[in-house]
Amino acid sequence: MAFENLLKSVEESAEEKERELRENAKKQADAIRREAQKLAADLVGRMVHEAEISAEIERNKQLYLANGTLREQALKSREKVFEVAFEAAGQHLFVLRQNKVYPAIFRRLLEETMDAAGAGPAVVHVDPRDLDLCKESLLARKISCEIRTDLTCNGGLTVSSPDGQITLKNTVESRLLRVREHKRREIHAALFG
């Protein structure tokens, strides 16, 4: 019987040890499971956060590109309005020669150009329609120079050196072009605020 008691005691002890091992294993498994769930939740949170950041970056990129496209279209529209405005000004100046103030304008253009050309010999190039007006204006200023009717323009003149190396343009078209380039910013501001 002592042997049986000993065997029973060993069995009970083994069962107790097995129960303890199972409980410890269950506790460890539960701890590992909780840790894995925590790590998974952290990982999911990081992935969601990274996806949100990526989506925000892509949204900002698309907004930037859309804004750039809108600015480009607005700039093209403004430039078109600018071109139309200058086309209208050019059309208005096309009939300048028929205006009663044209002779005074021509004289002023002639004076500016001759003053800029200096005292040396010069050749005045005019539209054939301005030949008489040019002769009168030169005579009034007591200037003697060659006049050539080899220019086609809406008004004004060109003065060159006899060899043609120096040319000063003072036509309606050249002045409009200079105004267009020099006053571009001011004109845009006036047109578009």
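Biologist: How many helices and strands make up the secondary structure of the protein chain?

Modeller: In this predicted model, the secondary structure of the protein chain amounts to 5 helices and 4 strands, and along the sequence these elements follow the pattern α-α-β-α-β-β-β-α-α.

Biologist: How does the radius of gyration of the protein chain stand against the globule rule?

Modeller: The globule rule gives 16 Å for 193 residues, whereas the radius of gyration of the protein chain is 47 Å, well over that value, so the chain is more spread out than a compact globule. Along its principal axes, the C-alpha trace spans about 155 × 35 × 20 Å, and buried residues account for 20% of the 193 residues in the protein chain.

Biologist: At what angle do helix α2 and helix α3 pack?

Modeller: Helix α2, residues 102–117, packs on helix α3, residues 131–140, at an angle of about 55 degrees, and their axes lie 10 Å apart. The crossing of the two helices, α2 and α3, is right-handed.

Biologist: Which residues of α2 and α3 make the contact?

Modeller: On the α2 side the contact is made by Tyr102, Pro103, Phe106, Arg107 and Leu110, and on the α3 side by Leu133, Cys134, Glu136, Ser137 and Leu138. The residues of this contact divide into 7 nonpolar, 1 polar and 2 charged.

Biologist: What share of the contacts between residues at least 6 apart in sequence joins residues at least 24 apart?

Modeller: Among those contacts in the protein chain, 64% join residues at least 24 apart.

How values were computed:
Residues are numbered from 1 along each chain as its sequence is written. This is a predicted model: local features need pLDDT of at least 70, side-chain atom pairs count only at pLDDT 80 or more; totals for chains, interfaces and linings use all residues. Side-chain values use heavy atoms; hydrogens and water are left out. Axes are lines fitted to C-alpha atoms, for helices over the stretch in contact, and angles run from 0 to 180 degrees between N-to-C directions. A crossing is left-handed if the near helix is turned anticlockwise from the far one by less than a right angle, and right-handed if clockwise. Contact means heavy atoms within 4.5 Å. Ala, Val, Leu, Ile, Met, Phe, Trp, Tyr, Cys and Pro count as nonpolar, Asp, Glu, Lys and Arg as charged, and the others, Gly among them, as polar. The radius of gyration is taken over C-alpha atoms; the globule rule is 2.2 Å times the number of residues to the power 0.38. Buried means under 20% relative accessible area, exposed over 50%, partly exposed in between (1.4 Å probe, protein chains only).
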